[in-house]
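Please open the structure in your viewer and keep the selection tool at hand. The stops below say what to select next and what is there.

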Amino acid sequence: MQTKDPKKILIVEDEKELVLGLATLLKSHGYSIVVAYDSLFGISLAHKENPDLIILDLGLPAGGGLYVLESLKNSVETVDIPILILTAQQGGDLEEKAKRIGALAYLHKPFDPELLLNKINEALSA
Amino acid sequence: MDKRDKTKTTDYKLVIQELKENPYKRLNIAFALMVIVPFLAFLYLLTSRLFTIDILIGNTGFILGVTFFISICGFYIAYNILKKIFNKILDYAFQAKHSDQLKSTFVATVSHELKNPLSSIKINIYNIFAGFIGQINEEQKKVLQLCQVTIERMARLINGLLDLHKIEAGVANLKRNRFNLAEISARQINELQTLADKKNVKIIKEFLDESLTVWGDEDKLSQAIVNLLSNGIKFAPENGAVTLKIYSDSTFAKIECVDTGPGIPDNKVNMLFNKFERLNSVEEGTGLGLAITKDIVELHRGKILVESQVGRGSKFIILLPRDLRETKR
C-alpha cells in the first residue's frame, strides 16, 4: 500500500461499471485516480493532470483509443507517460500497431486484475 | 481453398439463375447472327463471282444490306446480354465483399459487447472478494469464488466462439513463418505443467525429430497443441500420463498426443469434433476445443486422426504437410 505521494493514474474508458471496478482496485492499492470517458477528454486530461500512468481502452467514443495513443505519444509533454492498453477488440494487427506507437503493455478483456496490478507496478518502478 | 472454390462455383450458378434464363442460348443466337450470316453472305459473293459494281447494285446489294443489318442486330443483342451478365457479376462481387465486412464487424461487435460487461463483473467481484469494498464472511467468499469460475468459463467460451467464427468465416488469416515444432511444443508443455501437477499427471516428451520445422501459423498451431494437451490432462486419471510425440515421414510432420484417460466409445468418436460436444459432462470445458483444433489443422491443409480404446486411453494425431509452401491456400 502506498501512503505518501500517491501515484496518479488516468483511466480512459467508456464502460462506467469497469471504471468503478478499476478505480476501487487502484485506490485500494494507494493510487489516485482521474477518469475520462471519451478520447478527446482523455487527451486533454492527460495534458492537464500529467498522470504517472494511463490505462487506455481502444474502443472509445470520439476518436478511438489508437488516436489517443498516437496524440499522446506525439506530444512532448505526454510522450514519456507509460500507457497500458486494456481492450476487448480483437484485430489481427491491433496489438502490434499499439506497441509500435508506444504502448507499454496490451491486456485483453476480461483481464486478470492481479496481472494488471503487476504491469502497473512494473511500469511505475521502471 | 476447397471451401472457397465451391462457393465461387455456387455464386456463378446463382448469377445464371438470377438472369431467369440461360444467357448462353441467346448469346449463341447473337453470335450466329454476327458471324454466320455475314460468313454465308461472303461465301455467296465468292461463289457468284460478280464484279464489284454488281455487288453494290441489284439483288446482291440488297442481300449485303440485310446481312449487315442482321449482323448489327446480333452485336446489339450480344452487347445487352454481356452487359447484364457483367452487372450481375459485379453485384455479386460487391455482395460478397459486403458479407465479408459484416463477418468482421460481427466479430468486433461480439468481442466488444460481451467482453466489456464480463470485465466489469470480473473486476468488481474481485474487489468484493479481496475485501476492498468491505469485509465479507467465508460463505459469501465461497459464492464469489463460484462466480469467478463461471466468469472464467464464459470468457473461454466467448474466445472459443470468436476463434471458431473467425476460422469458419474465413476472417482468420494465417500468419505463416517457418518454425521448429519441438520448440513450440516444449513451450506449450511448460505452460500446462502447473495444470498437470495439480492432477499429478506426468507429461512425457517424445521428440523423435527435434529439428523438424513446418511452415505455418505458430500461434494457431500452438493453440491446437495446447488444446490436445489440456484435453489429455483433463481426461487422464490422477497419477496418469500424457505423451506428446513429434516425428515425421516423407509427407507429414506429425504431432501425437496420447493420454491414459477413459477412452472414447467407437460410436462417439465421430461426434468428437462437433461444436459444443462434451462427451463427458462431468469435466469442465466449453466443448469447442477440438472443433477449433480441427479447423486450425485443416486451415494448414492437414488432417487430425483419433484412435481410442475404452478403458485404455486416446491418441490424437495431427498430420501437417511437410512443406506447406507447395500447397497454396
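Two strands pair if DSSP finds at least two bridges between them, and the strands themselves (E, at least two residues), like the helices (H or I, at least four), are DSSP runs numbered from the N terminus. This is a predicted model, in which local features need pLDDT of at least 70 and side-chain atom pairs count only at pLDDT 80 or more, while totals for chains, interfaces and linings use all residues. Residues are numbered from 1 along each chain as its sequence is written, and chains are lettered from A and ligands numbered from 1 in the order in which they are written.

**The sheet of chain A**

Begin with β1 of chain A, residues 8-12, together with β2(A), to which β1(A) is joined by five bridges, the two strands running parallel. Within this pair, A:Ile11 stands opposite A:Val35 of β2(A), and A:Ile9 stands opposite A:Ile33. Four of the five residues of β1(A) are buried (20 or more other C-beta atoms within 10 Å of their own, the C-beta atoms being placed from the backbone), so this strand is largely enclosed by the rest of the structure.

Now widen the selection to the open sheet of five strands in chain A, whose order is β2-β1-β3-β4-β5 and whose pairing is parallel. Its edge strands, each pairing on one side only, are β2 (32-36) and β5 (105-108) of chain A.

**Where the chains meet**

Next, show both chains: 18 residues of chain A are in contact with 20 residues of chain B, contact meaning that the C-beta atoms of two residues, placed from the backbone, lie within 7 Å. On the side of chain A that touches chain B, helix α1 (residues 16-28) gives the most, with eight residues.

**Helix α7 of chain B**

Finally, select residues 218-235 of chain B, the 18 residues of helix α7, which should span 26 Å at 1.5 Å a residue, in agreement with end C-alpha atoms that are 26 Å apart; the expected span is 1.5 Å times one less than the number of residues. Among the buried residues of α7(B) are B:Leu221, B:Ala224, B:Leu228 and B:Phe235, and what covers the buried residues includes α6 (181-198), β4 (241-248) and α9 (289-299) of chain B.

Methods. A residue is buried if 20 or more other C-beta atoms lie within 10 Å of its own, exposed if 12 or fewer, and partly exposed in between; C-beta atoms are placed from the backbone.
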